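Biologist: I would like to learn how to read a model of this kind, one feature at a time. Shall we take the features in turn?

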Amino acid sequence: MKSGPSLCVFPSWTGNPYLNLMNLAPRAAGYQLIQRSAYESLLKTLVVLGDGDVLHVHWTAPIAQAAHSHRAAARRVRAVETALEDARRRGVRIVWTVHNRLPHELVHPAAERDLYGVLAGAADLIHVMAPSTAELVADVVALPPEKVVQIPHPSYLGVYDSDVSREEARQSFDLSPDDRAVLFLGQIRPYKGIDLLLEAAASARDSDGRRPVLLLAGSASPESIAQFDDLKPAGLRIVTSFESVPDADVARWYRAADIAVFPYRAILNSGSLHLAATMEVPAVLPGLPHLREQFGDQPWVSFFDVADPVRSLAELLSDGGLTQGVEASDFERFNEGISPWTVSLAYRDALRELSTTTTD
């Protein structure tokens with residue numbers, strides 16, 4: 001395979017399935033992948049990138065939010081701004097994916113807003129997944145429309161394949177045929193609304209008066225685990241695993257579930273929703289306008305009222321007919337146009353188009 005330009009992905013973690021999927025086609029096309037995850041290593045790598053190479057910035061938190069003070073965060077933003085300017089003068093192309101409206105754990109808000117402005121100005125291409133991204137971040141940063149390219153979030157087809165059946169999966173959790181299993185799988189962090197889900201599940205009852213069974217899995221800090229222990233309702237059966245679920249075990253959790261609930265307080269893009277679709281498990285999302293617009297025509301997606309989340313979630317979890325009529329073909333239609341290879345090819349094509357343009 002012919003060696004191509006360097007593609008520096010920041011921050012990049014080897015086990016991140018989204019990044020692995022997106023980089024499939026660029027790797028096959030000969031891009032030389034450079035993976036960096038720390039602020040210092042980003043600056044060092046920017047110095048050696050040259051004409052035709054690409055820096056792709058994904059999540060921004062490791063830059064300003066990892067600083068020990070507001071002043072240090074501001075210095076980091078200025079250093080990145082200078083490094084990007086120097087790199088662009090050498091012909092390096094800059095890509096920025098807007099994953100979040102702002103980082104979820106926001107420590108230095110002023111510096112982060114400045115950083116967004118720096119990236120919007122320096123980027124040759126701004127990648128968005130949700131159609132309403134520019135509007136949703138407008139109070140934080142103005143995204144130049146001529147730079148914005150929409151490439152959807154891929155499905156996870158082929159990533160988490162497993163031979164486990166639904167019956168085997170439910171038996172592994174000691175679930176009876178009558179148990180309604182409600183799944184939350186993902187990093188357990190405050191903005192994800194686990195407290196809302198616990199309170200709602202505690203008051204939910206099916207037509208026979210039974211409570212649902214919660215399946216709760218994902219990496220959690222000691223503080224998040226302590227918060228969970230304080231909020232855990234009495235009499236509610238909860239199966240927990242407070243660690244990252246191995247890829248080989250993800251399908252077991254999903255195939256045991258009747259429904260997946262994502263009680264987020266804030267969300268722009270959700271890989272968890274796409275994972276639920278891949279696993280053919282109906283999902284519940286917050287009823288935010290942009291989510292209703294994007295996913296409202298999917299029969300396997302339901303929405304809770306963000307103005308009254310606990311009551312609304314409890315009603316949905318009590319509704320035995322909520323997922324009635326949902327069929328495998330509904331998930332197939334959703335996943336059809338966003339296979340990992342299809343989406344990665346669109347990303348590769350966007351990178352190739354950059355190579356035909358000149359930097360300012």
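Biologist: How many bridges join β3 to strand β4, and do they run parallel or antiparallel?

Modeller: Keep in mind throughout that this is a predicted model. Four bridges link β3 with β4 (residues 93-97), and the two strands run parallel.

Biologist: Are the faces of strand β3 covered or open?

Modeller: To read a strand, take the residues of each side separately and look at their burial. In β3 (residues 54-57), V54 and H56 lie on one side and L55 and V57 on the other. These four residues are all buried, and both faces are covered.

Biologist: How should I read the largest nonpolar core, and which residues have the most contacts inside it?

Modeller: The general idea is that nonpolar side chains in soluble globular proteins tend to be buried together. In this model the largest nonpolar core has 84 residues, and L215, W253, Y254 and F262 have the most contacts inside it. Helix α9 (residues 194-203) contributes the most, with six residues. There is also a second, separate core of 40 residues, with I63, A67, V92 and L115 among them.

Biologist: What does F262 touch, leaving aside its neighbours within four places in sequence?

Modeller: Its contacts include F184, L185, Y254, L273, V284, P286 and F304. S272, A276, A283 and L285 are also in contact with F262.

Biologist: Is helix α9 mostly covered or mostly open?

Modeller: A helix has 3.6 residues a turn, so residues three or four places apart point the same way. For α9, seven of the ten residues are buried, and the helix is mostly covered. The buried residues are I194, L196, L197, L198, A200, A201 and A202. They pack against several elements, including β7 (181-185), β8 (213-217), α10 (222-231) and α14 (309-318).

Biologist: Why does F334 count as buried?

Modeller: The cut-off for buried is under 20% relative accessible area. F334 counts as buried because its relative accessibility is 13%. F334 lies in helix α15 (residues 328-336). Beyond residues up to four places away in sequence, F334 touches H274, A277, F295, Q298 and W300. For a separation along the chain, take F334 and S155: they are 179 residues apart, yet their C-alpha atoms are separated by 9.0 Å.

Biologist: What is the volume of the largest pocket, and which residues are closest to its centre?

Modeller: The volume is about 1400 Å³. Of its 47 lining residues, N16, W59, Q187, R189 and K192 are the closest to the centre. Elements that give two or more residues to the lining include α1 (17-22), α4 (61-64) and α11 (247-256). The largest share, three residues, comes from α12. By class, the lining has 24 nonpolar, 19 polar and four charged residues.

Biologist: How many cavities of 30 Å³ or more does a search of the whole structure find?

Modeller: The search finds one. The largest cavity has a volume of about 60 Å³. Its lining has three nonpolar, one polar and seven charged residues. Among the lining residues are D178, D179, R180, R205, D206, R210 and R211.

Key
Residues are numbered from 1 along each chain as its sequence is written. This is a predicted model: local features need pLDDT of at least 70, side-chain atom pairs count only at pLDDT 80 or more; totals for chains, interfaces and linings use all residues. Side-chain values use heavy atoms; hydrogens and water are left out. Buried means under 20% relative accessible area, exposed over 50%, partly exposed in between (1.4 Å probe, protein chains only). Two strands pair if DSSP finds at least two bridges between them. On a 1 Å grid over the protein atoms alone, a cavity is a set of points where a 1.4 Å probe fits but cannot get out, and a pocket is an open set with protein on both sides within 12 Å along at least five of seven lines; lining residues have an atom within 4 Å of a point. Grid points are joined across faces, edges and corners, and a volume is the space filled by probe spheres set on the points. Ala, Val, Leu, Ile, Met, Phe, Trp, Tyr, Cys and Pro count as nonpolar, Asp, Glu, Lys and Arg as charged, and the others, Gly among them, as polar. A nonpolar core is a set of buried Ala, Val, Leu, Ile, Met, Phe, Trp, Tyr and Cys residues joined through side-chain atoms within 4.5 Å. Contact means heavy atoms within 4.5 Å.
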